[in-house]
Amino acid sequence: TILVIGACGQLGVELTYELRRQYGPSRVVAADVRPPQQAELREAGPFELLDVLDRPRLETIIQQYRPRQIYHLAALLSATAEKNPQFGWRLNMEGLLNVLDAAVAYQVAQVYWPSSIAVFGPATPRHQTPQLTVMNPNTVYGISKLAGEQWCEWYHQKHGLDVRSLRYPGLIGYKSLPGGGTTDYAVDIYHQALAGNAYECFLREDTYLPMMYMPDALKATLDLMHAPADQITVRSSYNVSGMSFSPAEITASIQRHLPDFAVSYKPDSRQQIADSWPASIDDSQARQDWNWQPHYDLDKMTDDMLAHLHLAQAELQSAAL
Ligand code: VAH
C-alpha cells in the first residue's frame, strides 16, 4: 500500500491519480485534512481524513494500512506561509517530523517529501544554481524546506530511512489548481486566456523562474523513487528543472493560439519572493544519478495545457446543457 498525505493539493491530486493508475486504486490511500473536491479521489480508492499534526491519528492510519511508501506533500506554500508564519513553520516542520518519526517506528520502506527552489535565497547564484551552494532563504516556506532537507538527511544517516526528495520548481498542470504559491500565475494565466479574459499578472513581465510541466514532475518523482538506493547520492533534495520562462514569454507562447489574449502587470508582495529565487537550475546531478530528463518545453506545455483545458471546458459546457 502507498499512503499519500496532502492528496488534495495541486501535486497530491495528480500524484494520487498517477500512483493509482500504476499500482491500482485500492493500493493507494489518499489522505488530507479536508475532503477532496474531485469526487474521483474519494470514489476510485480509499480516502482518509488526516491532519498530519495529529500524531496519534497518523499512527492509526499507518497501523491500519501498513504502507510500504509514504508521499508526504502536506504544507503551506510560499505566499500563504508568509501570511501565517507560525502555522506555516509548524505544519511544514512538525508535519514532516511526525512522518519521518512514524516511518522509522513502523519500518516504512520509503518516504518521499517535496522540497523546492525556495530553499535558495538572495545570496545564491541565480543562474544555473548548483546542487550544493549558498542557501539563505528569506521566506518561511523556504526556511522550512531547507530545515526539512537537513532532517531528511539526518533520518537517512541516523536511522537508515530511505527518504528521497526533489526541489521542485513551479509546477503547472491542468488537473488541479495550485494553492498559495508564487508561481501560480503560470497556471492561472492559461485558465484566463481560455476564458477569453485579460490576465493581470502579479509578477513583473521579466521575472524569470524555473518551472516544470506536471507530467515531467510526476516522471521525475517516480523515477527517483524507483531508482536503486545505491544510485542515490543526494539525501537532502535533488535539483530538478524542466524549463525557465518569464510572464512575457508564457504570454507569447499562449498568443500563438490566442492572438488577442492580453496581459497586464501589477506586481504584489509575491514579487519579492520571486526575486529571491533562482532564474535557472543546474540539475546535472539528477541527470547523472537517475537519468533525469525533462520532455516538455514552454511551447509543448502550452499546446498540451490549452488542448486539455479547452476539452475540460467543453465537457463542462455540454454537461451544463
Ligand atoms: C510556490 N509553487 O510558489 C510553489 C513552489 C517553487 C515554487 O515552491 O510556493
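This report covers helix packing, nonpolar cores and selected residues in a predicted model.

## Helices α9 and α12

Two packed helices are described by the angle between their axes and the distance between the axes. Take helix α9, residues 247–255, and helix α12, residues 298–320. They pack at an angle of about 55°. Their axes lie 9 Å apart. α9 and α12 are therefore oblique to each other. The crossing of α9 past α12 is right-handed.

Which residues of α9 and α12 meet? From α9 come Glu249, Ile250, Ser253 and Ile254. From α12 come Leu298, Asp299, Thr302 and Leu306. Sorted by class, this contact of α9 with α12 holds four nonpolar, two polar and two charged residues.

## Helices α3 and α5

A second pair is formed by helix α3, residues 55–65, and helix α5, residues 85–105. Their axes come within 10 Å and cross at roughly 40°. That angle makes α3 oblique to α5. α3 passes α5 in a right-handed crossing.

On the α3 side, the contact uses Arg55, Leu58 and Ile62. On the α5 side, Asn98, Val99, Asp101 and Ala102 take part. By class, the contact of α3 with α5 counts four nonpolar, one polar and two charged residues.

## Nonpolar cores

In soluble globular proteins, nonpolar side chains tend to be buried together. Here the largest nonpolar core has 67 residues. Which of its members touch the most other members? They are Ile5, Ile172, Tyr185, Tyr190, Phe245, Ile250 and Met301.

Methionine 301 touches Ile172, Tyr190, Tyr213, Met243, Phe245 and Tyr296, leaving aside residues up to four places away in sequence.

## Two residues with positive phi

Most residues other than glycine have a negative phi. Arginine 66 is not a glycine, yet its phi is positive, about 45°. Arginine 66 sits in the loop between α3 and β4, the latter being residues 69–72. Its relative accessibility is 47%, so arginine 66 counts as partly exposed.

Asparagine 291 also has a positive phi, near 55°, and is a residue other than glycine. Asparagine 291 is placed in the loop between α11, residues 284–290, and α12. Is asparagine 291 buried or exposed? Asparagine 291 counts as exposed, because its relative accessibility is 59% and the cut-off for exposed is over 50%.

## Arginine 164

Arginine 164 lies in strand β7, which covers residues 162–164. With a relative accessible area of 3%, arginine 164 is buried; the cut-off for buried is under 20%.

What does arginine 164 touch, not counting residues up to four places away in sequence? One group of contacts comprises Gln110, Val111, Tyr112 and Trp113. Another comprises Leu224, Met225, His226, Ala227, Pro228 and Ala229. Ile232 and Arg235 are touched too. Methionine 225 is 61 residues from arginine 164 in sequence. In space, their C-alpha atoms are 7.1 Å apart.

## Alanine 312

Helix α12 also holds alanine 312. Alanine 312 counts as partly exposed, at 34% relative accessibility. Tyrosine 23 and alanine 312 are 289 residues apart along the chain. Their C-alpha atoms are separated by 26 Å.

Methods:
Residues are numbered from 1 along each chain as its sequence is written. This is a predicted model: local features need pLDDT of at least 70, side-chain atom pairs count only at pLDDT 80 or more; totals for chains, interfaces and linings use all residues. Side-chain values use heavy atoms; hydrogens and water are left out. Axes are lines fitted to C-alpha atoms, for helices over the stretch in contact, and angles run from 0 to 180 degrees between N-to-C directions. Helices (H or I, at least four residues) and strands (E, at least two) are DSSP runs, numbered from the N terminus. Angles under 35 degrees count as roughly parallel, over 145 as roughly antiparallel, 65 to 115 as roughly perpendicular and the rest as oblique. A crossing is left-handed if the near helix is turned anticlockwise from the far one by less than a right angle, and right-handed if clockwise. Contact means heavy atoms within 4.5 Å. Ala, Val, Leu, Ile, Met, Phe, Trp, Tyr, Cys and Pro count as nonpolar, Asp, Glu, Lys and Arg as charged, and the others, Gly among them, as polar. A nonpolar core is a set of buried Ala, Val, Leu, Ile, Met, Phe, Trp, Tyr and Cys residues joined through side-chain atoms within 4.5 Å. Buried means under 20% relative accessible area, exposed over 50%, partly exposed in between (1.4 Å probe, protein chains only).
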